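Please keep the sequence and the structure in view while reading.

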Amino acid sequence: MAEITKNENNFIGYEYKDITVSRSMESVYADGYANFGWTLEDTSTPVQGVGSITMKFKRDRKIRNKAELGRLQRQFESCASQIESLEKSKTNGAMIAAFSVGLVGTAFMAGSVFAYLAGMLPLCIILAIPAFIGWILPYFCFLNIRRKRTDKVSPLIDQKYDEMYEVCEKAHVLLAK
């Protein structure tokens, strides 16, 4: 955060803030930060972040109720961070389970290949069956676990959005005073 100050003749001193957020939360931050007195100046794509965006904000440095707005802004950022974590949790567990099942299927396929190379055709067939099941099952496993996790997490995400909007409403009232 940088600050610029000038004299009192119609001059406004600004403070600046750059934040990097995921693209899915871009509009939430743009709308939310306006309630804390920030104006969106520019957006850019960071070098290493494919799914993220850097947002540049500015606001009047001598804004009223700055301390309270700062506290509410931290609360807003905390809620937004929790929402992002909950969104990621929808797929993380499902991916781990799907990769694990696929890895077990691959191990059976390796055993099947080695059995074939050793000339044990019946063992090769017996090991190939769970191998193919292990390669087909992860997709359905992923969908099922993600659906269950989404059903569990969606009310929590909605609750965090409500909490975030209440914070924005309080900040908006403070800003209007």
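The model is predicted: local features need pLDDT of at least 70 and side-chain atom pairs count only at pLDDT 80 or more, while totals for chains, interfaces and linings use all residues. Residues are numbered from 1 along each chain as its sequence is written, and side-chain values use heavy atoms, with hydrogens and water left out.

**Helix packing**
- The axes of helix α2 (residues 66-117) and helix α3 (residues 121-176) come within 7 Å and cross at roughly 180°.
- The two helices, α2 and α3, are therefore roughly antiparallel to each other (an angle over 145 degrees).
- The residues of the contact between α2 and α3 comprise 40 nonpolar, 13 polar and eight charged.

**Helix α1**
- In helix α1 (residues 26-34), the buried residues (under 20% relative accessible area) are Val28, Tyr29, Gly32 and Tyr33.
- They cover an arc of only 110° around the axis, which puts them on the same side of α1.
- Their cover includes β2 (14-22), β4, α2 and α3.

**Loop residue**
- Asparagine 65 lies in the loop between β4 (52-60) and α2.
- Asparagine 65 is not a glycine, yet has a positive phi of about 55°.
- Most residues other than glycine have a negative phi.

**Cysteines**
- The whole structure contains zero disulfides (pairs of cysteine sulfur atoms within 2.5 Å).
- The sulfur of cysteine 79 is 9.0 Å from the closest cysteine sulfur, in cysteine 168, too far for a bond.
- Cysteine 79 is buried at 2% relative accessibility, and cysteine 168 is buried at 7%.

Methods:
Axes fitted to C-alpha atoms, helices over the stretch in contact; angles between N-to-C directions. Helix = DSSP H or I, 4+ residues; strand = E, 2+ residues; numbered from the N terminus. Parallel < 35°, antiparallel > 145°, perpendicular 65-115°, else oblique. Nonpolar A, V, L, I, M, F, W, Y, C, P; charged D, E, K, R; others polar. Buried < 20%, exposed > 50% of the residue type's maximum accessible area, 1.4 Å probe, protein only. Arc of directions from axis to C-beta. Contact = heavy atoms within 4.5 Å.
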